[in-house]
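Please look over the sequence and the structure shown here, and then read the report on selected features that follows.

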Amino acid sequence: MSTSEDKPEVVERGFKDEKKHKEDDKEEGEKGGFIEKVKDFIHDIGEKIEEVIGFGKPTADVKGIHIPKVNIHMIDLVVDVLIKNPNPVPIPLIDINYLIESDGRKLVSGLIPDAGTIHAHGEETVKIPLTLIYDDIKKTYADIKPGSIIPYRVKVDLIFDVPVLGRFTLPLEKKGEIPIPYKPDVDIEKIQFKKFSFEETVANLHLKLENMNDFDLGLNALEYEVWLGDVNIGGAELSKSAKLEKSGGISYIDVPVTFRPKDFGSALWDMIRGKGTGYTMKGNIDVDTPFGAMKLPISKEGGTTRLKKNKEDGGNDDDDDEVY
């Protein structure tokens, strides 16, 4: 006969596990719901603070790009960005990332750290200085030629740290054109003597200037030195006005020079006899361009000239002074 002690013990293991699992899910759900509620609460508090105190995102606009300096070696650009801060507290401009590209090709990029602070409820114009070195551009992109005009795009990322909102990036961009300047070509077309003697000779150099750029040049001033053979016959700084049209425009300019022929030695007699002698000319011209004022070099080495006197000094007016 069986007794109660012989009855097998029934353990409701599956039921207990399922019950425990449901309790765990309920607990997790309650925890998850609590976290979400906290997040929503913090978000709501942030929005209330923003509404009450007036926190908001800054705005910015590129007001212009200026070229303070340009020559045949480099160009400086300054990007003027107007930034408005709607917040009741100053906000730091943490970093400025910049990129200049042309036809999708990078010309220069960089980072300006700790760019300043924008005053509360204020606006400020931030100037971003950028520099392009022409040799670097021409080495990287062989198809960019001296004398040309190329399109560019400036991209700027302004990175702010705004209370409540946190770190915020504001992208801007601006398009334009920049020149790749090239020095004009110069030749001494002829020399016209005003006074000829071995002690002192006064002459005008008839210069031919040719503009090799794809933009007009407005000549304002000329600085030059001239050598005949190995002898420096002097130079001067002159104010001259002339317009050199783009892409091969030519202008002729007379510049004075005074020298002592007796200092030339045998080179003078070679010139008088028509054998010719070499000349060299170096200097600079100050010009206006659509991109601002420029100082461009002029140089000519290896030219050959003959000297001839005017009729009153024993020469022949029918013979023009020549350069070869």
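## Contacts, core and sheet

Leaving out residues up to four places away in sequence, Ile 83 touches Thr 59, Ala 60, Leu 93, Ile 118, Gly 122, Glu 123, Glu 124, Val 126, Leu 158 and Phe 160, where contact means heavy atoms within 4.5 Å. This is a predicted model, in which local features need pLDDT of at least 70 and side-chain atom pairs count only at pLDDT 80 or more, while totals for chains, interfaces and linings use all residues. Residues are numbered from 1 along each chain as its sequence is written, and side-chain values use heavy atoms, with hydrogens and water left out.

Ile 83 is also among the residues with the most contacts inside the largest nonpolar core, together with Val 81, Leu 158 and Phe 160, and this core has 67 residues. Strand β6 (residues 149–162) gives the most to this core, with seven residues. A nonpolar core is here a set of buried Ala, Val, Leu, Ile, Met, Phe, Trp, Tyr and Cys residues joined through side-chain atoms within 4.5 Å. In soluble globular proteins, nonpolar side chains tend to be buried together.

Strands (E, at least two residues) and helices (H or I, at least four) are DSSP runs numbered from the N terminus, and two strands pair if DSSP finds at least two bridges between them. An open antiparallel sheet is formed by three strands in the order β1-β2-β5. Because β1 (59–70) and β5 (123–133) each have a single partner strand, they stand at the edges, and one side of each is left without a neighbour in the sheet. Strand β2 (residues 74–84) pairs with β5 in the antiparallel sense over 11 bridges, and Val 78 has Pro 129 in β5 as its bridge partner.

The structure holds one aromatic pair, which counts as such if ring centres of Phe, Tyr or Trp (its six-membered ring) lie within 6.5 Å, with planes under 30 degrees apart called stacked, over 60 edge-to-face and the rest tilted. The centres of Phe 215 and Phe 291 are 5.5 Å apart and their planes stand at 85 degrees, so the pair is edge-to-face. These two residues are 76 residues apart, and the pair links distant parts of the chain.

The table gives relative accessibility, where buried means under 20%, exposed over 50% and partly exposed in between (1.4 Å probe, protein chains only).

| Residue | Relative accessibility | Class |
|---|---|---|
| Phe 215 | 2% | buried |
| Phe 291 | 13% | buried |
| Arg 260 | 38% | partly exposed |

Arg 260 lies in the loop between β12 (250–259) and α3 (266–272). Beyond its neighbours within four places in sequence, Arg 260 is in contact with Phe 198 and Glu 199.
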